[in-house]
Amino acid sequence: MFTLMRSRVRQTALAFSAVTALAFGATATTDAAAAPAPAKQGPTSVAYVEVNNNSMLNVGKYTLASGGGNVFDVAVIFAANINYDTSTKSAYLYFNDNVQRVLDNAATQIRPLQQKGIKVVLSVLGNHQGAGFANFPSRRAASTFAKQLSDTVAKYGLDGIDFDDEYAEYGNNGTGQPNGSSFVYLVSALRADMPDKIISLYDIGPAASRLSYGGVDVSSKFDYAWNPYYGTWQVPGIALPKSKLSPAAVEIGGTPQSTAADLARRTVGEGYGVYLTYNLDGADRSADVSAFTRELYGSDAVYTP
């Protein structure tokens, strides 16, 4: 059966012009006091937002008609990049202008979501330069990049990091091919750097199939993992409990409402704890969202501009 991978705007992966230097000496305005959201029973709902085109604030505009709880529990900023510096032969974290704008305006783009009780994580994606999560040549190189990630989370008051191993184009710029140790070293270092933050896995690419090395399996270090193919059901290939997995994946406005409802129904029926959505935009998508909230939570979704 034909499966559709998310049709993403490639500007994030292709923007090379405004390389961001991370000024880690700055202190984050973190941990805004979060007003507890009304109780909601059911799976964790995740919303990826393409910030090249849409506002993160869209995630906070949906509540449940019954009880008033947030529809979405986790908002994902899509996406930062892992880039490659050919002079130093090392990977570094890069933000295009739109991602940088969200981070620089955390007070108005991130804190309002967190104050509603919604976690905000940063997705990191390959950028066609040969650098990826699966080809760090040493533990030290992996740990250095992990430190850039955890420093970013601390600086901007984020709730975690999401790994998406696409578009790395391993081998470009003389970089190595995927190896067995790289992602294990990276995830281990990141979890040590931020023990209480979210680490999630978009279950695709060489890194996703290299979770064990030298007797160390990093599967348990992830909080969530999800299916990367929208409109389909596929259980992520990672040893996590069902409560942390999303075999369902939908593109809001792209996946038919009937399919979104079927996938939500199956999520509940088979006891999985996460439901993944992608490409939440600024339109009133309450009909699309209600298609799955009725199955997940027994309630329609309400959109408040």
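Mentor: The side chains of Arg 285 and Asp 281 meet in a salt bridge, with 2.8 Å from N to O. A salt bridge here is a side-chain nitrogen of Lys or Arg within 4 Å of a carboxyl oxygen of Asp or Glu. This is a predicted model, in which local features need pLDDT of at least 70 and side-chain atom pairs count only at pLDDT 80 or more, while totals for chains, interfaces and linings use all residues. Residues are numbered from 1 along each chain as its sequence is written, and side-chain values use heavy atoms, with hydrogens and water left out.

Asp 281 is buried, at a relative accessible area of 17%, whereas Arg 285 is partly exposed, at 23%. Buried means under 20% relative accessible area, exposed means over 50%, and partly exposed lies in between (1.4 Å probe, protein chains only). Arg 285 also forms a salt bridge with Asp 288, where the closest N and O atoms are 3.7 Å apart. Asp 288 counts as buried, with 16% relative accessibility.

Helices (H or I, at least four residues) and strands (E, at least two) are DSSP runs, numbered from the N terminus. Nine of the 12 residues of helix 9 are buried, so the helix is largely enclosed by the rest of the structure.

A straight helix of 12 residues would span 16 Å at 1.5 Å a residue, but helix 9 spans only 14 Å between its end C-alpha atoms. The expected span is 1.5 Å times one less than the number of residues. Just after helix 9, Gly 298 takes a positive phi of about 70°.

Arg 265 pairs with Glu 295, the closest N and O atoms being 3.2 Å apart. Arg 265 lies in helix 8 (residues 257–269) and Glu 295 in helix 9 (residues 286–297), so that the pair links distant parts of the chain, 30 residues apart. Arg 265 is partly exposed, with a relative accessible area of 40%, and Glu 295 is partly exposed too, with 27%. A search of the whole structure finds nine salt bridges.

The protein chain has nine helices and 17 strands, and buried residues make up 54% of its 305 residues. Among contacts between residues at least 6 apart in sequence, 79% join residues at least 24 apart.

Note on methods: Contact = heavy atoms within 4.5 Å.
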